[in-house]
Amino acid sequence: MRVRHDILSVFYAILFMLSGITSAQAAPSGDSVFVLQLRFADSLLQSGNPFDAVTEYERVLFFDKQKTYARRVLLGQAEAYLQGGKYTFAIDCMNRALAFSKSSAEIQDLQFALIQVHILNKNSSQAYGILDAMAQNRQNVSLLPALNYWYGWAKIFDDDWKAAAEYFDKCDSAKFLKNFCLDVDNKKYPVSFIKLISAVLPGSGSIYTGHYFSGALSLGWNALFGYLTVQALQEQRVLDALLIGDLLLLRFYTGNLENAEKYALEKNKEIHESALHYLETDFQGAKP
Amino acid sequence: MRYLLLTLLLLSPLTAQGLPFRQAHERLAFANHLFCSADYLRAAEEYAALPAQDSTLFFRSLCLLHLDNIDSALIVVRQLQNNLFKAEFYRNMARLSFNSAHPEKMHSLLNTNAPESLHHEFIPLNCVYKFMQHGYAEKNNENNTGPVLFHEFMKSQTKAMERARYSPMLAAGLSAVLPGLGKIYTRSYEEGAFGFILTGLFTYLTIENFKHHHTARGWITGVSATLFYGGTIYGSYKQAIITTAKEEDAVKQQTLQFLQDNDYFLQPQMVKPPCE
């Protein structure tokens with residue numbers, strides 16, 4: 001019995017040692033350490049935990065003294081920041097990742113990603129900067145349709161739907177977007193025209209933009225004070241005319257112009273936002 | 001023996017598959033790196049995962065302080081054994097108190113929690129704090145520690161603050177006596193002149209219209225004159241409050257800039273962990 005017990009103990013001891021050896025072989029070492037850590041960071045990102053994912057990517061970046069995984073890590077961080085809506089941080093990571101991109105394809109991919117994030121971040125000047133730099137590079141001739149496509153999107157976010165349509169017109173695959181942009185542009189109210197008609201007939205601009213009561217009121221006030229000013233002038237009451245004209249008529253007349261412009265801009269903003277909402281939710285093609 | 005070996009056998013693969021870069025020295029290096037990158041939230045988490053030692057507790061408390069999580073920082077500081085670390089924490093707390101989102105709370109906690117031996121270091125700070133809150137430096141500070149230039153400057157700023165104060169009631173009263181005078185008192189010269197001219201003009205028109213039996217027009221201009229008169233009084237009252245706030249703010253900003261330039265808050269510099 002005693003012998004059998006000892007044999008079993010020895011057997012377990014050997015088994016333990018063997019398991020130790022095998023697990024030691026399976027234990028991460030060298031590059032696999034970084035791979036394991038990266039997988040962990042990726043899993044955090046995929047499970048919707050961008051904050052911890054950024055920490056774990058940062059850990060790789062800190063311990064990877066050779067910066068072998070820097071590009072991959074920085075892109076992971078950028079994605080995590082995008083998931084958390086931190087566009088500025090994402091842009092910073094992507095810019096840093098550019099320094100670790102070796103091939104031109106890698107650089108181009110990153111530049112296109114950067115353009116999209118800049119557009120989303122409503123920093124179109126930065127997006128145009130990258131687009132212009134890429135367009136000026138003669139080696140990027142084959143990329144022109146793609147560049148025009150993203151120029152178009154930048155213009156959309158700049159509320160310049162007509163220019164966007166012109167850029168989409170240069171891409172064969174963006175006919176729908178071109179027509180959509182033209183449609184939005186047609187729907188928008190002409191601000192200068194509205195101001196002009198308001199200058200000719202006070203209140204008409206407000207009525208044109210659907211603010212009937214405000215328009216009628218403006219017309220009434222301007223007519224009344226215009227009449228009083230003229231009457232005072234006819235009766236040679238110059239001081240009265242100046243007071244009514246300056247303090248009342250002019251105030252309501254300029255108010256009418258300001259209101260007409262404000263209403264037109266408000267309507268245009270509504271149209272812009274509803275079009276953007278449609279593109280965000282229903283448009284299936286590539287978008288920022 | 002058998003069961004012990006069996007347990008070890010089962011546990012060994014698990015320990016071998018643990019995540020890398022989690023050893024204490026690695027965590028510490030990483031936490032220090034995060035601290036130096038001003039990523040205090042992540043740094044605090046890393047320090048918290050380390051064994052409780054004075055240095056890690058100290059830097060964790062600093063992270064929490066930077067995050068304006070004052071209560072948690074004070075809980076961590078209470079675990080510190082070394083008084084030098086504690087003193088350094090409170091000095092840092094004093095330095096950060098002006099940029100805190102809750103300066104009042106931080107300042108009050110600083111005075112109630114900091115060891116008495118440090119209180120003399122906080123006298124200039126208390127002086128500045130009082131000045132920022134109430135617009136005057138404490139008089140008893142004159143006999144206390146701190147550079148002479150600091151005290152001279154604080155005295156002059158207290159006087160500047162007094163000059164920056166305009167009485168709303170006086171402004172309103174002046175405008176009631178002479179329309180627009182209150183505005184001129186609050187240094188709004190153009191508005192003062194405008195208020196005076198318009199009130200005078202409408203008053204004149206009212207008198208003229210009533211004289212010539214233009215009763216309706218007389219009433220319109222009369223109501224306008226009254227509105228301008230009332231508006232000037234009310235405007236003077238509000239303007240006194242606005243001008244006071246603006247000028248007080250300018251004096252405060254000037255004070256902060258002076259203190260920042262001369263580093264008069266406290267002598268020790270902000271402590272940082274070794275940064276790679």
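Is Q239(B) buried or exposed? Keep that residue in mind, and the tour will come back to it.

**Before you start**

This is a predicted model, in which local features need pLDDT of at least 70 and side-chain atom pairs count only at pLDDT 80 or more, while totals for chains, interfaces and linings use all residues. Residues are numbered from 1 along each chain as its sequence is written, and chains are lettered from A and ligands numbered from 1 in the order in which they are written.

**Stop 1: colour by chain**

Select chain A, where you will find 14 helices and 0 strands. Here helices (H or I, at least four residues) and strands (E, at least two) are DSSP runs, numbered from the N terminus. Of its 288 residues, 30% count as buried. A residue is buried if 20 or more other C-beta atoms lie within 10 Å of its own, exposed if 12 or fewer, and partly exposed in between, with C-beta atoms placed from the backbone.

Now switch to chain B, which has 13 helices and 0 strands. Buried residues are 31% of its 276 residues. Two residues are in contact if their C-beta atoms, placed from the backbone, lie within 7 Å. Among chain B contacts between residues at least 6 apart in sequence, 54% join residues at least 24 apart. In chain A, residues 24 or more positions apart account for 44% of the contacts with a separation of 6 or more.

**Stop 2: helices 4 and 5 of chain A**

Select residues 70-83 and 87-99 of chain A, which are helix 4 and helix 5. Their axes come within 8 Å and cross at roughly 165°. Because of that angle, helix 4 of chain A is roughly antiparallel to helix 5 of chain A. Axes are lines fitted to C-alpha atoms, for helices over the stretch in contact, and angles run from 0 to 180 degrees between N-to-C directions. Angles under 35 degrees count as roughly parallel, over 145 as roughly antiparallel, 65 to 115 as roughly perpendicular and the rest as oblique.

Show the side chains where the two meet: the residues in contact include L74(A), A78(A) and Y81(A) from helix 4, and A90(A), C93(A) and M94(A) from helix 5.

**Stop 3: helix 6 of chain A**

Move on to residues 104-120 of chain A, a helix of 17 residues. From first C-alpha to last, helix 6 reaches 24 Å, close to the 24 Å expected at 1.5 Å a residue; the expected span is 1.5 Å times one less than the number of residues. Its buried residues include L110(A), L114(A) and H118(A). What do the buried residues of helix 6 of chain A pack against? Their partners are helix 4, helix 5, helix 7 (124-136) and helix 8 (144-157) of chain A. After helix 6, look for K122(A), whose phi is positive, near 55°.

**Stop 4: the nonpolar cores**

A nonpolar core is a set of buried Ala, Val, Leu, Ile, Met, Phe, Trp, Tyr and Cys residues joined through C-beta atoms within 7 Å. The largest has 48 residues, and those with the most contacts inside it are Y57(A), A78(A), A90(A), M94(A), W150(A) and C181(A). A second, separate core of 36 residues includes L28(B), A31(B), L65(B) and M93(B).

**Stop 5: helices 4 and 6 of chain B**

Select residues 54-66 and 83-96 of chain B, helix 4 and helix 6, which pack at an angle of about 15° with their axes 10 Å apart. The angle is why helix 4 of chain B is roughly parallel to helix 6 of chain B. Among the residues making this contact are F58(B), L62(B) and L65(B) of helix 4, with F89(B) and M93(B) of helix 6.

**Stop 6: two loops**

Most residues other than glycine have a negative phi. Q236(A) has a positive phi, near 60°. Find Q236(A) in the loop between helix 13 (212-234) and helix 14 (238-281) of chain A. With 8 other C-beta atoms within 10 Å, Q236(A) is exposed.

In chain B, F21(B) also has a positive phi near 60°, and it sits in the loop between helix 1 (2-16) and helix 2 (24-36). F21(B) counts as partly exposed, with 17 C-beta neighbours inside 10 Å.

**Last stop: back to Q239(B)**

Select helix 13 of chain B, residues 215-262, and pick out Q239(B). Q239(B) is buried, because 24 other C-beta atoms lie within 10 Å. Leaving aside neighbours within four places in sequence, Q239(B) is in contact with A171(B), K183(B), T186(B) and S188(B). To finish, draw a C-alpha to C-alpha distance from Q239(B) to Y166(B): these residues are 73 apart in sequence and 9.0 Å apart in space.
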